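Dear colleague,

Please find below the structure that I promised to pass on to you. My notes on what was found in it follow.

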Amino acid sequence: MAEDLDKLRIHGDTQVGPGEIDFAVNVHGDRPPAWLADRLRHRIDDLAAYPTAADEARARRAVAERHGVDSGRVLPLAGSAEGFHLLADHAARRGLRAAVVHPSFTEPEVELRRAGVPVTRVILREPYIFDPGLVPGSADLVVVGNPTNPTSVLHPRATIAALCRPGRVTVVDEAFCDVVDDEGGSTLAGADLPGLVVLRSVTKTWALAGLRAGYAVGDAAVLADLAAHRVHWPLGTLQLEAVAACCSGEASVHLDRIRRRLAADRAAMCEALTGAGIEIAVPPAAPFVLVRTPEGYDPHDFRARLGERGVAVRRCDTFPGLDPRHVRLAVRDAATVSRLITAWEGARDQASTDSDRG
């Protein structure tokens, strides 16, 4: 069990070595856009003071306007990971029984098990289409990703909404939902459903992973309980500013451009991967693609050969329900994808040569 928990704690950033081309981490861009960097830079002189109630209110208001809800149904977070931590403690205090839909981001299960919450895994099989009927009726807390990491499958809004009921906390990880093609048809952020908590990140799309910022939107009573059990000043001034900025009207203009660019890059990347004989497991809807290493080759050795060629990919055998052949590739531009394909073909050819020699 301890070994299993150690695997669940593995994240994409640990897969990237110095100087490697990064296909392992789902962060768009290598730096925040200039308008956002300027906005954060303008708050540097405020850092001698503690974060203020006005800072938090401004962040809550921006999120509330973005999703059309009252600010009482918003909770700024130090990244969605903090949300999973708070929710796990919420479940432990109330003696809830959890179900986690897999394959998916593993941090929720890590946090639930850390808090001593009983967890049932609901394992989806390829093509990873979610059926709410698979979730045990006894589950008082359910966690599901949309779109799901690492499969890149996007579930319809009504499918996820079917989980919600009085007495159950339904947690939807929408870390990448801001850049899917059909956000409106998929997101539950802003929906008025019992026990619903939607977690959003602002670090992936806006290249702010080092800042740790996000928010929860949903059931006011659940969010109030989460807020009541936090440390003082849970978010710093820059984190609150980032949440406010990334949910602003100014951000929405830039977000439309990012969404279109990612969609175009994803389509081009899938065409290039398929043309190179790289197997795509399922059609992707998010800014990452689930693929398989070549059949007949040791997948661990193959990933190592890619690393030797300066390319980092995300191993996926750490996600329950996926085997060692699965790897996740972040969507990148055509030139970067071309370098991946060159490395992939070189690793495949070398492995084939070594096999013949053996």
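UniProt positions are given in the numbering used here, and annotations may be inferred rather than shown by experiment. Please also bear in mind that this is a predicted model.

According to the UniProt record, an unreviewed entry, the annotation "domain: Aminotransferase class I/classII large" covers residues 22-342.

Seven strands form an open sheet with mixed pairing, in the order E2-E8-E7-E6-E5-E3-E4. Strand E2 (74-77) and strand E4 (119-123) are at the edges; each has a single partner strand, so one side of each has no neighbour in the sheet. From one strand to the next, the twist averages 20°. Strands E5 (residues 141-145) and E6 (residues 169-173) run parallel and are joined by five bridges, with Val-143 opposite Val-171 in E6. Helix H3 (residues 53-67) lies across E2, strand E7 (196-201) and strand E8 (214-218), and H3 runs at about 120° to E2.

The buried residues of H9 include Ala-251, Leu-255, Ile-258, Leu-262 and Met-269. An α-helix has 3.6 residues a turn, so residues three or four places apart point the same way. Just after H9, Gly-277 takes a positive phi of about 80°.

Yours sincerely

Definitions and conventions. Residues are numbered from 1 along each chain as its sequence is written. This is a predicted model: local features need pLDDT of at least 70, side-chain atom pairs count only at pLDDT 80 or more; totals for chains, interfaces and linings use all residues. Side-chain values use heavy atoms; hydrogens and water are left out. Buried means under 20% relative accessible area, exposed over 50%, partly exposed in between (1.4 Å probe, protein chains only). Helices (H or I, at least four residues) and strands (E, at least two) are DSSP runs, numbered from the N terminus. Two strands pair if DSSP finds at least two bridges between them. Axes are lines fitted to C-alpha atoms, for helices over the stretch in contact, and angles run from 0 to 180 degrees between N-to-C directions. Contact means heavy atoms within 4.5 Å.
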